[in-house]
Amino acid sequence: MSDKKNTKLFCFALSALFAIAALAAVIYYIICPAQGYFHSDCTDSLYWAEAAAESGKVFNPDFFYAGLLPFSAQLWLVPLIHIFGVTMAVHTAGMVIFALLFFA
C-alpha cells in the first residue's frame, strides 16, 4: 500500500514539475524573444484596451473592432494603460497575466 502511495506522489510531483517548467518556458518566451517578433497581430488587445480607456466604456463607439470581446484582456490591460500608458511593458505584463490565468 505504501509503495502505491509513493508511486502516486512521485507521478504527481513529476507532472507538477513539467507543468511549472512549461509555464516558465511560456513566460520566458513572452518576456524575452516575443518582443523581437512583435507585429500588428500582437497589438489588437492593447489597442482595444486603449480605446476602452480613452472612452471610459467597454466598447468605444469611435473604434472599429474586429470582434466584440467584452471579457478579454481589457479587464487587466485598461488599469495598466491608465497607470503606465500604451507601452511594450504593459503589453508584456498583460500577456504574462493572461498566461498565469490560463495556467490556473
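**Exercise 1.** In this predicted model, determine the handedness of the crossing of H3 and H4, and state how the two helices pack.

*Solution.*
Step 1. H3 and H4 cross in a right-handed sense.
Step 2. Helix H3 covers residues 74–84 and helix H4 residues 88–103; their axes lie 10 Å apart and the packing angle is about 155°.
Step 3. Angles over 145 degrees count as roughly antiparallel, and H3 is therefore roughly antiparallel to H4.

**Exercise 2.** Identify which residues make the contact of H3 with H4, and classify them as nonpolar, polar or charged.

*Solution.*
Step 1. H3 contributes Trp76, Leu77, Leu80, Ile81 and Phe84.
Step 2. From H4 come Val90, Ala93, Gly94, Ile97, Phe98 and Leu101.
Step 3. In this contact of H3 with H4, ten residues are nonpolar, one is polar and none is charged.
Step 4. Gly counts as polar, and Gly94 of H4 is among the contact residues.

**Exercise 3.** Describe the relative orientation of H1 and H4 and the handedness of their crossing.

*Solution.*
Step 1. The axes of helix H1 (residues 2–31) and H4 approach to within 9 Å, crossing at roughly 165°.
Step 2. The same cut-off of 145 degrees applies, so H1 is roughly antiparallel to H4.
Step 3. The crossing of H1 with H4 is right-handed.

**Exercise 4.** List the residues through which H1 and H4 meet, and give their division by class.

*Solution.*
Step 1. On H1, the residues are Ala19, Leu23, Val26, Ile27, Ile30 and Ile31.
Step 2. On H4, they are Thr92, Met95, Val96, Ala99, Leu100 and Phe103.
Step 3. The contact of H1 with H4 comprises eleven nonpolar residues, one polar residue and no charged residues.

Key. Residues numbered from 1 in each chain as written. Predicted model: local features only at pLDDT ≥ 70, side-chain atom pairs only at ≥ 80, totals over all residues. Heavy atoms only, no water. Axes fitted to C-alpha atoms, helices over the stretch in contact; angles between N-to-C directions. Helix = DSSP H or I, 4+ residues; strand = E, 2+ residues; numbered from the N terminus. Parallel < 35°, antiparallel > 145°, perpendicular 65-115°, else oblique. Left-handed = near helix turned anticlockwise from the far one by under 90°. Contact = heavy atoms within 4.5 Å.
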